[in-house]
Amino acid sequence: ASFKLFLQQYPGDELARSAQFNLGRAYEGAGQPQAAATAYLGAIVPDDPVNVYIYERIGDLRLQTGTYTETVAADRAGIDSTTDPSFQVHLREGIAQAELLLNNNPDGAITQYQEILDIAKIGAYRAKILRLLGETYLAAGQTETGHDQYLEAVNTYPEAYDSYLALVELVNAEVPVDAFQRGLVDYHARAYQPAIAAFEQYLAQADAPASTDSSATSDAAATPAISETTTLTATTGITTTPTPLPFAAEATWYLARSRQALGQYNAAILTFQDLIDRYPESANWGQAHLEIGKTLIDQGSHARAKSRLRAFATARPNHPLAAEALWRAARLDMLNEMFDEAHTHLHRLVQTYPTSEYAADALYWAGQSAYKLEDYQGAINDWQQLAQDYPTSDLLSFGGYWQARAWRALGQEQEAEAVLVQLADRPADYYVLRARDW
């Protein structure tokens with residue numbers, strides 16, 4: 001009512017367009033979409049780049065109210081008013097939906113979805129449009145073409161949730177889908193049990209013996225049964241060489257991760273170990289060691305986890321994940337209050353991997369381990385080294401505050417105060433504020 005009154009009294013005011021647009025928003029909020037769309041139309045100004053945003057809202061409102069001719073008109077006006085692809089594709093979606101609902105015109109909708117695919121670059125969005133395109137082809141009675149769109153989404157964009165929805169439709173229609181791709185889509189949709197089944201099916205293909213003998217496909221009834229006394233005189237064309245699988249390592253990795261996600265810890269550990277043993281060139285080979293450690297931690301087997309992590313770092317000291325393995329093991333020592341062991345291994349990490357992203361953190365926690373052991377001078381030494389070697393670390397104020405605590409524990413009040421004064425001048429964070437208060 002206030003916006004309407006303003007527009008009646010001050011139609012030429014510089015805020016009139018803003019009032020007209022907000023009148024539309026108010027009608028939307030009041031649940032009056034028809035009045036909202038009419039109000040938004042009054043906010044259109046010729047050749048203004050903001051128009052596309054208004055047309056987009058009008059089109060969405062018209063679609064909600066079932067006025068599909070007006071939906072198409074608004075969306076086409078929006079497309080003509082902008083060169084921004086993000087607006088154009090959304091407006092074309094509205095036209096496609098209106099074509100289906102207004103005239104039962106799947107061909108018109110298909111044209112819009114194909115136009116979108118010519119523009120869209122983001123994988124997840126392309127998967128959505130492929131799914132919608134597939135649905136439209138099915139509605140038009142073009143079943144095979146519709147399934148082809150679903151398959152393209154599944155095979156090209158396995159991480160997209162719309163690909164999972166497409167996969168469900170394919171499975172329900174009993175359309176063959178590559179087992180690896182099926183598992184990959186299920187995994188990314190967190191449908192872990194179906195993922196496990198798919199990856200197991202894929203990996204089982206490696207155990208199927210290949211045959212080059214055309215007679216192997218003949219009717220089994222035409223072949224005499226082999227008895228205990230039968231002498232085999234020919235084996236030509238038969239081989240037990242497993243079928244090579246191009247994605248065996250990846251399937252094993254995702255199989256292990258799926259089992260891990262479901263809490264099937266023993267099975268997950270065995271599968272990670274299978275990857276380690278059989279696929280040393282896998283990009284996930286090192287991470288598999290860490291995942292075994294994480295899984296053992298989830299089981300509460302901290303001693304075994306530490307052993308596995310440290311064994312990996314010892315065996316492959318130059319691996320990019322070796323420092324992280326040592327870090328995770330040492331933090332378990334801290335968690336279990338094994339401070340002597342933690343201190344030793346944290347220092348090993350710093351000495352072996354001084355440029356690692358974990359080195360500064362390791363020094364800080366080494367100081368904490370010493371402090372817990374009441375080795376206050378040792379703790380001070382660690383935190384001083386932290387400040388000296390890693391002056392940009394986020395833990396600098398943490399170490400400074402606890403260094404002051406250690407000095408006080410040693411009865412060295414002046415040294416404690418000197419550290420606090422220096423710390424209080426730093427940009428404020430939790431420990432700087434505590435230092436200032438102290």
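Does A166 count as buried or as exposed, and at what relative accessibility? I looked this up in what is a predicted model, and I noted that A166 counts as buried because its relative accessibility is 0%, where buried means under 20%.

I then placed A166 in helix 10, which covers residues 161-172. Leaving aside residues up to four places away in sequence, I found that A166 touches R131, Y150 and V154.

Next I turned to the cores. The largest nonpolar core has 79 residues, and of these F199, W383 and L386 touch the most other members. Helix 17, residues 322-335, gives the most to this core, with nine residues. Another core, of 18 residues, lies apart from it, and V89, A109, I110 and L133 are among its members. Going back to L386, I listed its contacts, again not counting residues up to four places away in sequence, as A360, L363, Y364, P391, S393, L395 and L396.

My last entry concerns helix 11 (residues 179-188) and helix 12 (residues 192-204), whose axes come within 8 Å and cross at roughly 160°. The two helices are therefore roughly antiparallel to each other, and helix 11 passes helix 12 in a left-handed crossing. Among the residues that meet, I noted F180, L184 and Y187 in helix 11, and A195, F199 and Y202 in helix 12. Sorted by class, this contact has ten nonpolar, two polar and two charged residues.

Methods. Residues are numbered from 1 along each chain as its sequence is written. This is a predicted model: local features need pLDDT of at least 70, side-chain atom pairs count only at pLDDT 80 or more; totals for chains, interfaces and linings use all residues. Side-chain values use heavy atoms; hydrogens and water are left out. A nonpolar core is a set of buried Ala, Val, Leu, Ile, Met, Phe, Trp, Tyr and Cys residues joined through side-chain atoms within 4.5 Å. Buried means under 20% relative accessible area, exposed over 50%, partly exposed in between (1.4 Å probe, protein chains only). Helices (H or I, at least four residues) and strands (E, at least two) are DSSP runs, numbered from the N terminus. Contact means heavy atoms within 4.5 Å. Axes are lines fitted to C-alpha atoms, for helices over the stretch in contact, and angles run from 0 to 180 degrees between N-to-C directions. Angles under 35 degrees count as roughly parallel, over 145 as roughly antiparallel, 65 to 115 as roughly perpendicular and the rest as oblique. A crossing is left-handed if the near helix is turned anticlockwise from the far one by less than a right angle, and right-handed if clockwise. Ala, Val, Leu, Ile, Met, Phe, Trp, Tyr, Cys and Pro count as nonpolar, Asp, Glu, Lys and Arg as charged, and the others, Gly among them, as polar.
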